Amino acid sequence: MCNLPIRVICRANAEYMSPSGKVPFIHVGNQVVSELGPIVQFVKAKGHSLSDGLDEVQKAEMKAYMELVNNMLLTAELYLQWCDDVTVEEITHPRYGSPYPWPLNRILSYQKQWEVRRKMKAIGWAGKTLEQVLEDVDQCCQALSQRLGTQPYFFNKQPTELDALVFGHLFTILTTQLITDELSEKVKNYSNLTAFCRRIEQQYFEGHDKDSCTVSVQSSKKSSLLK
Amino acid sequence: MGTVHARSLEPLPMAGPDFGALGEETELVEVEPETKQEILENKDVMRKSHEARERLLRLGIFRQVDVLIDTCQGDDALPNGLDVTFEVTELRRLTGSYNTMVGNNEGSMVLGLKFPNLFGRAEKVTFQFSYGTKETSYGLSFFKPRPGNFERNFSVNVYKVTGQFPWSSLRETDRGVSTEFNFPVWKTNHTLKWEGVWRELGCLARTASFSVREESGHSLKSSLSHAMVIDSRNSSILPKRGALLKINQELAGYTGGDVSFLKEDFEFQLNKQLLWDSVISTSVWGGMLVPIGDKPSSIADRFYLGGPTSVRGFSMYSIGPQSEGDYLGGEAYWAGGVHLYTPLPFRPGRGGFGDLFRTHFFLNAGNLCNLNYGDGPRAHLQRLAECIRWSYGAGIVLRLGNIARLELNYCFPMGVQAGDRICDGVQFGAGIRFL
C-alpha cells in the first residue's frame with residue numbers, strides 16, 4: 001500500500017529465521033524487522049507512512065481497532081487451527097509438518113500444538129467451545145462492519161495500517177479451506193466487509209497476475225504462520 | 001573378589017598401540033634366585049601373562065588384576081608345568097560422579113552414572129546429564145564387546161547435545177540416536193555407524209548475518225558412515241614413531257531425513273625420530289562434501305579450518321567463506337603441517353616433569369572453499385591450490401596424560417585472504433586432535 005518495491009519469498013523455516021519468532025518479517029539491507037508493529041515503525045522512520053493524515057483521536061481509534069483484531073480474529077484463527085480436534089488432525093498437522101520428513105513432522109506439530117494450547121489456557125480461551133469462539137468472531141466483524149459503514153476504507157478515502165491488517169485476516173479467513181465453512185460464513189454475513197476485501201485485492205494485488213497467486217499462497221501460509 | 005585359574009597358556013594375539021601404556025617396553029618381573037628359577041624365568045610366560053593382565057584391565061570391569069605364577073602343585077602336576085593365577089577385584093556394580101563446571105560464561109552441573117558390567121560380559125551402560133545455566137544436555141550409551149574379542153564391539157547411544165559457535169553466530173541443538181559397530185580386519189580397525197539426528201539451528205545473537213539466519217530451523221539427518229583407522233604409532237599424543245591413517249565417509253539421506261550428501265575426509269600422520277631425542281612429524285588432512293540433489297549443503301555439515309588445533313596463527317575456524325563476520329564453512333578443504341619436536345632446551349626436570357614438555361617448530365598450511373560441482377575436478381584442484389593460507393612459528397607443548405595436549409605458540413600467519421581473522425603472536429590451544 002505504500003508503493004514500496006517488495007519481493008515475497010516463502011520459506012518453511014521463516015518462523016525460525018525471524019528474530020522474534022513471529023512472521024511476517026522483512027529483510028532490508030542489513031536489517032531484519034519482524035511483526036507488523038515494528039515494521040510500520042521502521043517504514044515510518046524511513047519516511048513512508050499510511051496514517052500521516054490522521055489526527056490524534058483517529059490514531060488512537062485505529063490502534064484500538066488493531067488491538068481488537070489482534071485479540072479477537074487472530075486468537076480465533078489460532079483456536080480453530082490448533083484447539084479444534086477435527087481441524088487439527090485433518091488440516092493443521094499435515095500442513096504444518098509438510099516440509100519435514102517423518103518423524104520430525106509429527107514432533108514439530110505436536111510441539112507447536114502444546115505451545116498454542118498453553119497460550120490459550122493463559123488467556124482464558126481454553127475453556128471456550130467452538131460456538132463461543134464463532135460468536136466472538138461475529139461480534140468482532142460486527143464492530144468492524146459498523147466502523148466501515150459505506151466508506152471505501154476505515155478512515156475515509158485513504159487506506160491505513162488498520163485496512164492492511166483487517167484485509168490480511170479477512171482475506172485469509174475467506175480463502176482458506178477448512179473442514180467447515182462456519183468461520184468464513186460469519187464474515188460473509190457482512191457484505192461491506194467482503195466488498196472491502198475484494199476492493200483491496202483488485203486494487204493492490206490483481207495488477208500483476210503472478211503476484212496475486214503468490215500473495216494468495218502467502219496469505220494462506222500466513223494464516224498458519226501468523227502468530 | 002573372584003579368582004580365574006589358567007592351567008595352560010593359549011597363545012594370545014598382539015593388539016594395537018594401547019598396549020604397554022606409554023609405549024615403553026614392558027618390564028620383566030625380577031624373580032628371586034631359587035631352585036624354581038629355571039622354570040619361573042621363562043620369559044614367554046611372563047610376557048603372555050602380562051598381556052593377559054592388560055587385556056583384562058582393558059575390559060574396564062576390574063579395579064585390580066594381580067598375576068601369580070608358581071610351579072604346579074598337586075596330584076596332576078606336570079613336571080614343567082606352571083600355575084598362573086589371576087586375582088581380580090571387580091569394580092562396584094554402579095559408580096557415579098558429580099562435577100560442576102564453569103566456563104564460557106556458563107556454569108553447569110554434571111552428573112554421571114555408570115554400570116561397568118551390566119549383564120556379566122563387560123557390557124557398559126553410562127549415563128551423563130549436564131544441567132547448565134544456559135543449556136542442558138544428556139547422553140545414554142550402551143556398549144557391548146564381543147566376549148573374548150574386545151576389538152569387536154557395538155554401542156548404542158542416545159543423546160542431546162547443544163553447542164554454541166561464536167565464530168558463525170550459530171547455536172546448534174542435536175538430539176539423536178546412533179549405533180556403531182567396531183571390528184578389526186587384519187591390521188585396520190573399521191567402524192560402521194548409523195546415526196539419526198534432529199538438528200535445530202538458531203542464531204546466537206541478533207547481529208547474526210542473514211546467511212546464517214537463513215539456516216535456522218529444524219532438519220533431520222539420517223546417515224550411514226564408515227571409518228577405517230590404521231594406527232602404528234607408539235602413542236596418540238606426541239608419538240615418537242609410526243603412522244596414522246584415518247579415512248571416513250558418510251552418506252546421508254538414503255535412510256530418511258531431509259539432508260542428503262556424501263562426505264569424505266581423511267587424516268594422515270607420519271612420525272620419525274631423529275638425533276638427540278627429537279621427532280619430525282608431518283600430517284595432512286583433507287575432506288570434501290558433495291550435496292546430493294538440489295538442496296545446498298547445511299552449515300552444520302560443512303568443514304571449518306583455522307585455529308590453534310588446525311592452521312595455527314588464525315582464529316578459531318576463521319578461514320574461508322564468510323558473511324558479515326560469520327564464518328560459513330566450506331565444502332572442501334585440505335590442511336598440512338610439518339612439526340619438529342625437541343626436548344626443552346637445557347632439559348630441566350629431566351626424567352620427571354620435564355619430560356611432559358616439548359618445544360616445537362611448525363609450518364602449517366591449508367585452504368578451504370566451496371566448490372561448484374558443475375566445474376569438474378581440474379577446476380576444483382585449481383581453486384584449492386590458489387590463495388593458500390599458511391603460517392609458521394614455534395612454541396611449547398605440554399602433554400596431558402595420554403589423551404590431550406596443551407600448546408602455547410608464537411605464530412606468524414601468512415597468505416591471509418580478505419575475510420580471515422588472524423591471531424598473530426601468542427596463541428594458546430588445548431585439545432585432542434591437532435594438525
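Visitor: What separates Lys112(A) and Glu115(A) in helix H5 of chain A?

Guide: About one helical turn, because the two residues are three apart in H5 (residues 104-123). Keep in mind that this is a predicted model.

Visitor: What makes Lys112(A) and Glu115(A) a salt bridge?

Guide: Their closest N and O atoms are 3.8 Å apart. The cut-off is a side-chain nitrogen of Lys or Arg within 4 Å of a carboxyl oxygen of Asp or Glu, so the pair counts. Over all chains, the structure holds 20 salt bridges.

Visitor: Which side chains form a salt bridge between chain B and chain A?

Guide: Glu214(B) and Arg11(A), with 3.2 Å from N to O. The limit is 4 Å, so this pair qualifies too. The count between the two chains is one.

Visitor: How much area is buried between chain B and chain A?

Guide: About 1,400 Å², with carbon and sulfur atoms giving 64% of that. Phe210(B), Arg213(B) and His218(B) supply 40% of the area that chain B buries against chain A, more than any other three residues. In the contact you'll find 14 residues from chain B and 18 residues from chain A.

Visitor: Over to the helices of chain A. Why are H3(A) and H7(A) called roughly parallel?

Guide: Helix H3 (residues 56-82) and helix H7 (residues 161-175) of chain A pack at about 15°, their axes 10 Å apart. Angles under 35 degrees count as roughly parallel, and therefore H3(A) and H7(A) get that label. Their crossing is left-handed.

Visitor: Which classes of residue make up the contact of H3(A) with H7(A)?

Guide: Eleven nonpolar, two polar and two charged residues. On the H3(A) side, Met62(A), Val69(A) and Leu73(A) are among them, and on the H7(A) side the list includes Leu165(A), His169(A) and Ile173(A).

Visitor: What makes H3(A) roughly antiparallel to H6(A)?

Guide: The axes of H3(A) and helix H6 (residues 130-148) of chain A come within 10 Å and cross at roughly 150°. Anything over 145 degrees counts as roughly antiparallel, so that is the name for H3(A) against H6(A). H3(A) passes H6(A) in a left-handed crossing. The residues that meet include Leu68(A), Met72(A) and Ala76(A) in H3(A), and Val133(A), Val137(A) and Cys140(A) in H6(A). By class, this contact has 14 nonpolar, no polar and three charged residues.

Visitor: What kind of peptide bond joins Trp102(A) and Pro103(A)?

Guide: A cis one, with omega about 0°. Pro103(A) sits in the loop between helix H4 (85-97) and H5 of chain A.

Visitor: What is the phi of Asp277(B)?

Guide: Near 70°, which is a positive value in a residue other than glycine. Look for Asp277(B) in the loop between strand S13 (261-273) and strand S14 (279-291) of chain B.

How values were computed. Residues are numbered from 1 along each chain as its sequence is written. Chains are lettered from A and ligands numbered from 1 in the order in which they are written. This is a predicted model: local features need pLDDT of at least 70, side-chain atom pairs count only at pLDDT 80 or more; totals for chains, interfaces and linings use all residues. Side-chain values use heavy atoms; hydrogens and water are left out. Axes are lines fitted to C-alpha atoms, for helices over the stretch in contact, and angles run from 0 to 180 degrees between N-to-C directions. Helices (H or I, at least four residues) and strands (E, at least two) are DSSP runs, numbered from the N terminus. Angles under 35 degrees count as roughly parallel, over 145 as roughly antiparallel, 65 to 115 as roughly perpendicular and the rest as oblique. A crossing is left-handed if the near helix is turned anticlockwise from the far one by less than a right angle, and right-handed if clockwise. Contact means heavy atoms within 4.5 Å. Ala, Val, Leu, Ile, Met, Phe, Trp, Tyr, Cys and Pro count as nonpolar, Asp, Glu, Lys and Arg as charged, and the others, Gly among them, as polar. Buried area is the accessible area (1.4 Å probe) that two parts lose on being put together, summed over both.
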